[in-house]
Amino acid sequence: MAIKKYDEMNELGIDMMREIGSIGGGNAATALSSILNAEVNMELPRVEVLGFNAALHSLGDPESVVAAIFVELSGEIEGIMLFIADKEFSHAVLARMIGRPGGDFLELDEIDSSALTEIGNIVIASYVTALSTLTNVKVELSVPQFGVNMLGGIMSLPMAMMGQYSDRIMMIKGKFKIGGQALNSHMLLLPNVESLNVLMKKLGVE
Amino acid sequence: MTKKITVGIADMKLARQEGELITYALGSCIGIAFYDPMIKLGALLHIMLPEKGQANDSNILKFADTGIRETLRKVYAFGGMKGRLVIKIAGGAKMFEMKGAGNLGNIGQRNAQSVKMVLMKEGLRVKSEDTGANYARTMSLDVATGRVVIRSAGKPERVL
């Protein structure tokens, strides 16, 4: 049965999304590990269906400044993938990649921002490749976009996309640990409702 | 210290005489401050999408059209007068480009246009605004004075 809202999804569907998050995130962690030449683990992914304000607060303080890599998904699955990293995470990654932490977070130079964009792009692409192989759906990725801004502002576009049809949004969340250090980052898969129906059909979850 | 009253996403709050209405990190969303200086009545609305359309959702504060109408209904009920209302808006940024997935296009700009259009239909106009560009804004309205302040990361505060 096709669903029209995120909160109509049943337990089986939620389990399916968690499994997708787990396989996608695992693949992304492996990719991140090989670029950074460090041990990268992924915490167990979470699937959350929450109201706008609760969803935003579950990610952090809306005013906190974060770096985000934004990729739009199209094809059989439509939606957004976001990789969000706080200042500590970004600096730790830059220190490993180019041997020095970034400068002023709001005024990152081109080397820093392209390094972070590349990290986000690789992480997102490996996640989506795993998702696409597992479910046998075709997904195209847009060119990654990079921004450093308040978390609330970053999340406004995915929330508007999902909020058109529902007062709740769905997030498939993953968190990375680098070298055993729990640094604050979020790997978010934000599918539109129609894509959930596509996935449930493909995987025989009704 | 003035009392802070937080306005969430798709939310609206009213206050009289004193208090600071504040909404955090507006991206493509729009914050709309309504103020009647004579009776020191203020309202702050945080909308997310331009119009209700076919959605059968319960939350009318999510949309510019239904949200503005509901706010005005309350403002007038509390004694606010149309001729005295001072309206200021902020937000409507373009955080990222987006093509497909629900024809969002430049949602920030569309939100701003819709807000102005709906206000115009209600016989009101925007006195000042801080909209567009590509950064998030926190907006506050001091109900005692009517002062509207915009705060952005790495930028000086701006009084609207």
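Lys40(B) comes out as partly exposed, because its relative accessibility is 31%, and the cut-off for buried is under 20%. This is a predicted model, so take the backbone angles that follow as model values. Lys40(B) is not a glycine, yet its phi is positive, at about 50 degrees. The residue sits in the loop that links strand 4 (30-36) to strand 5 (41-47) of chain B.

Ala10(B) is another non-glycine with a positive phi, here about 55 degrees. Its place is the loop between strand 1 (4-6) and strand 2 (11-16) of chain B. With a relative accessible area of 7%, Ala10(B) is buried.

## Helix 5 of chain A

Is helix 5 of chain A largely enclosed or left open? Largely enclosed by the rest of the structure, because 13 of its 13 residues are buried.

The helix covers residues 151-163, and at 1.5 Å a residue those 13 residues should span 18 Å. The C-alpha atoms at its ends are 17 Å apart, which agrees. There is still a bend in helix 5, of about 35 degrees at Leu157(A), and a proline, Pro158(A), follows within four residues.

## A nonpolar patch on chain A

Over on the surface, Met97(A), Ile98(A) and Ile111(A) make up a nonpolar patch, and together they have about 240 Å² of accessible area. Ile98(A) belongs to helix 3 (residues 87-98) of chain A. Ile98(A) counts as partly exposed because its relative accessibility is 34%.

Terms used:
Residues are numbered from 1 along each chain as its sequence is written. Chains are lettered from A and ligands numbered from 1 in the order in which they are written. This is a predicted model: local features need pLDDT of at least 70, side-chain atom pairs count only at pLDDT 80 or more; totals for chains, interfaces and linings use all residues. Side-chain values use heavy atoms; hydrogens and water are left out. Patches are made of residues with over 30% relative accessible area and no salt bridge: like charges are joined within 9 Å, nonpolar side chains (Val, Leu, Ile, Met, Phe, Trp, Tyr) within 5 Å. Accessible areas come from the Shrake-Rupley method with a 1.4 Å probe; for residues, only the protein chains shown count as cover. A salt bridge is a side-chain nitrogen of Lys or Arg within 4 Å of a carboxyl oxygen of Asp or Glu. Helices (H or I, at least four residues) and strands (E, at least two) are DSSP runs, numbered from the N terminus. Buried means under 20% relative accessible area, exposed over 50%, partly exposed in between (1.4 Å probe, protein chains only). The expected span of a helix is 1.5 Å times one less than its number of residues. The bend at a residue is the angle between axes fitted to the seven residues ending there and the seven starting there.
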